[in-house]
Amino acid sequence: MTEEILTMTNLHVTIQAKKHPALPIIKGIDLHIPKGKVVGIVGESGSGKSIAMKSLMDILPDNAHATFDQFLFAGQAVTDAQKIPLAMIFQDPMTSLNPLRTIGYHLVEVILRHQKISKKQAQQRAIEELEKVGIPLPEKRMKQFPHELSGGMRQRVMIAMALLAQPQLLIADEPTTALDVTIQAQILALMKELQTSESLSVILVTHDFGVVAGMCDFVNVMYQGRIVEKGTVEEIFYQAQHPYTKQLLAAAHLGDRDAPLRTVNADSYADEQVVKKELSATHHVWLKEGNE
Ligand SMILES: Nc1ncnc2c1ncn2[C@@H]1O[C@H](COP(=O)(O)OP(=O)(O)OP(=O)(O)O)[C@@H](O)[C@H]1O
Ligand SMILES: [Mg+2]
């Protein structure tokens, strides 16, 4: 069996909005992330991708409540999710950067949190890391503020910060959605290169099947708080079984990549009995009874 860097089983998340009953957002999903691989999580807006990722990092909003059966990292039971070697990059780097602090400040802070070295050494380390993620004139960038950098540069800084935390697992939640197409491609190429050279395990949340094809080994398709199909990229691209997966693929093939993913079949899976079919060791699909 493949070694897993992260395992979480039967994750449920509910959100309590004011004066309303608690709303189920994640309805019992299992995440199995193999070591050194890239797992894509695909699904329409609101399907619970970000909430699932935040559950792993224990950074859910205050009104959310998560339960699960099992949470393992590198085979060990996790007692404090904040302490596992895991880093996350988000869609909008500005939300994670302090506008009043220089790029250098951000990087040095991460380094000093993870390594016992002097401030001067940390600054040198930061410059090297900026070089590694393809930022020209790193000494100059160190002294600049986040707003002085382009979106693509800021995302490179976020990647540098994530790597400096020495993670074994990197979670990237729509890391390139806010960037234009050429910059997107450059950032993805950088991520792929670093993933290989550092043998990182990666969870990549995206709504773009083109990105999945270029980056991922495995795909989990999420729909309304559940995983409805999972498999290798080939299994999902060539042998999709779930109507929702087929619909996502059809939309991607039309070149409709930026269109929001919407459901044609609006009826809910929420209270239906779903049947799990195992088509191979890796290809599993959860079909509503009566679906082909
Ligand atoms: N703080 C919150 N309070 C109330 N509801 C929330 C909160 N955060 C998320 N939700 C709800 O949880 C559901 C899942 O949200 P989530 O952000 O995980 O979706 P997503 O799949 O990441 O979507 P997107 O592709 O748009 O990023 C949505 O219905 C959303 O409205
Ligand atoms: Mg999201």
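1. A quick term before anything else: a polar contact here is a pair of N or O atoms within 3.5 Å, where one must be able to donate a hydrogen and the other to accept it. By that count, 3 residue pairs are in polar contact between domain 1 and domain 2, with both partners at pLDDT 80 or more. Keep in mind that this is a predicted model.

2. On the layout: domain 1 takes in 35-60 + 168-292, and domain 2 covers 95-166. Their C-alpha centres sit 30 Å apart. Where they meet, 12 residues of domain 1 are in contact with 10 residues of domain 2.

3. As for the buried surface, the two domains hide about 880 Å² between them, and carbon and sulfur atoms account for 72% of that.

4. Now the charged part. The tally between the domains is 1 salt bridge. Lys-132 and Glu-198 pair up through their side chains in a salt bridge, at 3.1 Å from N to O.

5. Which helix gives the most to the side of domain 1 that touches domain 2? That's H6, residues 181-197, with 6 residues. Sorted by type, the residues on that side of domain 1 come out as 9 nonpolar, 2 polar and 1 charged.

Notes
Residues numbered from 1 in each chain as written. Chains lettered and ligands numbered in written order. Predicted model: local features only at pLDDT ≥ 70, side-chain atom pairs only at ≥ 80, totals over all residues. Heavy atoms only, no water. Domains from an automatic or database assignment. Contact = heavy atoms within 4.5 Å. Buried area = accessible area lost by both parts, 1.4 Å probe. Salt bridge = Lys/Arg side-chain N within 4 Å of Asp/Glu carboxyl O. Polar contact = N/O pair within 3.5 Å; in protein donor to acceptor, adjacent residues only side chain to side chain. Helix = DSSP H or I, 4+ residues; strand = E, 2+ residues; numbered from the N terminus. Nonpolar A, V, L, I, M, F, W, Y, C, P; charged D, E, K, R; others polar.
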